Each structure stands twice: as structure tokens, then as C-alpha cells.
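Visitor: I'm new to this structure, and I'd like a close look at one part of it. Could you walk me through how some of the helices pack together?

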Amino acid sequence: MSHAYQRCINPDCAATYDVAEPLFGCSACGDLLDVAYEWDRLPLPRSLREFEASWSERDNPLCFSGVWRFRALLPFVTSEYVVTIGEGQTLLRQSERVAAYVGLSPGRLFLQYEGLNPSGSFKDNGMTACLSHARLCGAKRAACASTGNTSASLALFCAAAGWPSPIVFVGSGKIAYGKLSQALEYGALTLQIMGDFDDAMRQVQQAARHLKLYLANSLNPFRLEGQKAIMYRVLESLRWTVPDWIVVPGGNLGNSSAFGKAWQELRDLGLVDRVPRLAIINAAGADTLYQLYEVRGLRWNGGRPDMRLVEEFYRQLDAQNKRANTIASAIEINRPVNLKKALRALEICDGVVRRVTDQEILDAKAQVGAGGLGCEPASAASVAGVKRLVEEGVIGRDETVVCILTGHLLKDPVATVAYHGTDQKQFEAVLGSRGVKRATFANRPVVVPNDLEEILRAIQLYATR
Ligand SMILES: *Cc1c(COP(=O)(O)O)cnc(C)c1O
Ligand SMILES: [Zn+2]
């Protein structure tokens with residue numbers, strides 16, 4: 001007997017479905033689904049501290065996993081179905097350098113480094129949960145549309161679990177090389193759609209329906225259950241104290257949605273006494289949530305957001321033939337599938353949305369790297385967002401802020417080398433074309449002749465820092 005089920009987020013529908021149905025959308029009204037629980041019939045910890053018991057059981061894969069050691073908070077599946085590859089061995093690191101860069105007092109800025117996951121991004125948190133659900137449903141083959149990291153993660157999990165190769169849809173020319181190389185190496189059937197992510201997303205949903213593929217995109221509510229664990233690990237690293245702010249880049253808005261659900265549940269279950277504020281950061285070239293939430297005033301409104309505002313906005317995008325465009329390819333998305341859930345998260349966490357330029361993103365990224373943690377462009381949007389919010393006075397200098405570094409530096413080497421390198425043509429092609437004017441914190445490679453004396457002279461000249 002399961003005490004988990006699926007429930008439509010639309011309060012006027014509220015249809016419910018069995019936990020083991022592979023649905024990915026409400027059959028009655030088409031809206032998004034939540035995973036819901038009958039908490040009062042489930043065993044729950046009395047305090048978050050009880051999770052510390054798993055630290056001494058690291059030989060149990062469920063306790064080793066940074067997702068499943070919190071399985072009492074995502075109890076939709078029994079352990080026999082769980083697919084785990086050691087995801088979630090991540091790290092929350094205080095960074096003085098980045099704190100100074102964004103204008104926070106010493107000791108106030110923390111970076112939650114999700115690049116340490118097996119596939120190098122936070123997506124593994126969700127993938128372990130959704131593939132466990134796929135097994136529960138008896139699904140045979142998975143598919144996803146991806147800006148890169150979802151396909152890398154799905155391909156890795158399927159390869160590791162001995163599943164048939166997944167089918168991944170990517171926009172052509174839109175995927176960073178680190179991510180594409182993973183999908184190919186792990187054996188995914190990789191379809192490069194002649195279009196962008198929003199096109200790939202539309203196509204994969206139809207193909208999945210035709211071919212009965214298990215859809216691993218973040219409109220899959222089980223993925224979001226796994227991603228709640230990022231918040232649990234932040235809490236764990238802060239010894240169960242709640243930070244003032246969580247700051248996260250916003251693409252398809254799965255992560256921000258999952259965070260909102262995590263905090264609402266923790267509060268409802270009495271496991272925390274307050275929730276942090278949430279800041280979702282869009283890239284300026286893909287700023288749908290910013291435009292709708294901050295400019296047009298779209299709100300969750302008890303589950304009845306004014307969808308005419310959304311339709312109107314999308315009509316304008318189409319009329320202007322406007323496509324998402326940012327170096328932060330992981331958030332290069334104009335039609336975020338989890339928009340409604342993100343509105344709910346903003347409501348729960350008294351949230352704000354900001355947009356940052358590719359210039360701000362790359363400069364913040366270089367600061368993160370110089371501080372000793374490498375991330376990909378999309379991740380650095382969170383740091384650039386904090387800098388803005390501190391300048392605006394929305395985030396106070398003495399508040400405790402956690403930025404989610406969503407993906408590893410090596411995901412997108414082209415962006416990094418174009419920034420630091422000396423090849424002006426490459427800079428123009430990769431960055432200049434996106435409005436980036438200068439590599440403010442470039443660490444230039446030095447070209448020297450193959451000659452010891454010249455080499456020694458160069459070292460003397462340049463090694464002054
Ligand atoms: C997927 C991804 C994002 C965007 O997350 P959403 O849940 O789609 O908003 C941000 N950064 C990285 C590195 C990603 O892979
Ligand atoms: Zn419904």
C-alpha cells in the first residue's frame with residue numbers, strides 16, 4: 001500500500017492518480033502534476049537531526065546517496081526500485097572571495113556545488129528519482145529534451161543501470177561540448193533537432209506519447225522530488241539552520257519549483273520554523289519569468305494565475321520571432337514548463353526574480369573560479385544575481401545567502417576559453433555576438449618561444465600576482 005499519489009496542481013481540477021502511472025501531465029485538464037503524500041500515515045523524523053544517523057551507514061547505497069538518505073521526505077518508492085549511482089555527494093562551501101565580489105559581509109556567502117554529481121550537474125538529483133519511478137511503472141525506455149545536462153544525466157544513469165539507451169532530443173548547435181560528449185559517450189541515441197530547446201521539448205512530448213517512452217524532463221514531477229534533496233543537503237551542511245536566501249538560476253524552473261515544494265513540506269511538517277527567501281535568476285536573453293513576474297505582475301494567486309498574461313507574452317515572442325539567446329545555454333529557454341510551480345515557489349518563499357546579462361554572468365563565473373570552485377555559465381547567474389540584489393538593497397549585507405552552482409566548469413570549455421583566451425576572433429564569435437564587451441577578469445595564457453631564457457624572462461615578467 002502506497003501513501004503517495006499524483007495530484008493536479010490546478011485547484012479547480014485537483015484530479016488524483018496512482019503513483020505508478022507514467023503521466024507527466026493531468027489527463028483531465030493538462031496541467032502539471034505534483035507528487036503528494038499522506039504524511040500522517042508515513043513514518044517521519046521528529047527533527048532533521050535524525051537524518052544524521054545515515055552518516056554512519058555509508059556502506060548502504062541508500063544512505064550514501066545524497067538524495068535517498070532523505071527518503072523519508074520523498075517516500076514514493078520502496079528501496080527495491082531505487083536506481084542510485086552515488087548522486088548528491090556535494091559540498092556547501094563558504095567563499096570569502098565571492099562574498100566580497102557580490103558585496104556581502106565576510107562569512108555570509110555559501111556556494112552549493114552541484115558540479116560534484118556523477119554527471120557533473122544537479123540534474124542527477126532528479127534523475128535518480130525519476131528512473132526509480134520509471135522502474136516502479138515498469139517502463140522500458142526513457143527519453144528527454146535537453147539543453148545538455150538532462151541528457152548527460154539520463155544517459156549516464158541508463159548506462160550505469162544497464163537500461164536500454166535513452167533517446168535524447170537536443171537543439172542543433174545549442175548544446176555545450178562537455179554535455180554533448182557525455183550523451184554520446186554514455187550511448188544515448190542523440191537526436192539533434194533543427195531548432196532550439198523549446199522546439200525539442202514540444203517534439204519529445206509527442207514522440208513519447210507515440211512510442212510510450214518514459215519522459216525524463218522536469219515536467220516529470222518525480223524528478224522534482226529528487227531535487228528537493230538539494231535543499232536538505234544545504235540544511236544539513238548548515239547544521240539544520242535555515243539560510244536567509246536561496247539563489248538559483250531559472251531555466252525550465254524545475255529546480256526552483258522543487259525548492260519551493262521542499263520548503264513548504266518542511267514547514268508544514270514542523271521540521272523547520274521558517275523558510276528562506278528565494279531569488280530566481282534569468283539570463284537577460286531568456287527572461288520569461290522575470291518579464292511575467294516582475295514586470296507584468298503575474299502571481300500564483302492560490303493556484304489560479306492569470307494565464308492570459310502568459311499567453312499574451314508568448315504571442316508577443318512569436319510575433320517578434322524572438323528566440324532565447326544566452327551564453328548560459330542551460331537556461332536558454334523561453335517557455336519554461338514549470339512556470340506555474342515556480343510561481344508557487346515564489347509565493348511560498350516570498351521570492352524575487354532578476355535578470356542578468358551574459359557579461360555579468362561570465363564575470364561572476366570567473367570570480368567563482370578564482371575562488372576555487374568551477375562552474376558553467378548558467379550556474380554563475382546565481383552569483384551575478386546576488387550582486388544585483390545586494391546593490392539594490394534587497395539582500396542585506398549581513399544576510400546568509402546560498403547560491404546553487406548547478407553545473408561543473410568543464411561542461412562548457414568553449415565559453416571559458418573564449419573568455420580567458422587571446423583569440424579575438426573566438427571572443428567575438430562566442431561572446432561578442434552575445435553582447436559581452438570585455439573579459440573583465442581574464443587570466444590570459446602567455447605565448448613564449450621554446451627557449452629557456454625567454455621562458456624565465458616571461459615568468460619573471462608575468463608571475464607578479
Ligand atoms: C538545467 C540547468 C539549469 C536550469 O534549471 P531548471 O530547473 O531548468 O530551471 C541551470 N543550470 C544548469 C547547469 C542546468 O543544467
Ligand atoms: Zn487537472
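**Helix 7 and its neighbours**

Guide: Let's start with helix 3 (residues 123–137) and helix 7 (residues 221–237), whose axes come within 6 Å and cross at roughly 140°. Keep in mind as we go that this is a predicted model. As for the hand of the crossing, helix 3 goes past helix 7 in a right-handed way.

Now for who touches whom. On the helix 3 side, the contact is made by Lys123, Asn125, Gly126, Met127, Ala129, Cys130 and His133. Helix 7 answers with Phe222, Arg223, Gly226, Gln227, Ile230 and Arg233. Sort the residues of this contact by class and you get five nonpolar, five polar and three charged.

Stay on helix 7, and turn to its contact with helix 8 (residues 254–268). Here the two axes are 8 Å apart, and the packing angle is about 65°. The crossing of helix 7 with helix 8 is right-handed. From helix 7, the residues involved are Leu224, Glu225, Gln227, Lys228, Ile230, Met231, Tyr232 and Leu235. Helix 8 brings Gly254, Asn255, Ser257, Ala258, Phe259, Lys261, Ala262, Trp263, Glu265 and Leu266. By class, that contact has 10 nonpolar, four polar and four charged residues.

Leu289, Leu292 and Tyr293 of helix 9 meet Leu339, Leu343 and Leu346 of helix 11. The class count for this contact is six nonpolar, no polar and no charged residues.

Cys8, Cys13, Cys26 and Cys29 coordinate the zinc ion through their SG atoms, at 2.3 Å. Along the sequence, these donor residues follow the spacing C-x4-C-x12-C-x2-C. The angles between the four donor atoms run from 97 to 115°, so the arrangement around the zinc ion is tetrahedral. For reference, the ideal angle for four tetrahedral donors is 109.5 degrees.

Methods
Residues numbered from 1 in each chain as written. Chains lettered and ligands numbered in written order. Predicted model: local features only at pLDDT ≥ 70, side-chain atom pairs only at ≥ 80, totals over all residues. Heavy atoms only, no water. Contact = heavy atoms within 4.5 Å. Helix = DSSP H or I, 4+ residues; strand = E, 2+ residues; numbered from the N terminus. Nonpolar A, V, L, I, M, F, W, Y, C, P; charged D, E, K, R; others polar. Donors = N, O, S within 2.8 Å, 3.2 Å for Na, K, Ca; no water. Tetrahedral: all angles 85-135°; square planar, octahedral: opposite > 155°, others 65-115°. Axes fitted to C-alpha atoms, helices over the stretch in contact; angles between N-to-C directions. Left-handed = near helix turned anticlockwise from the far one by under 90°.
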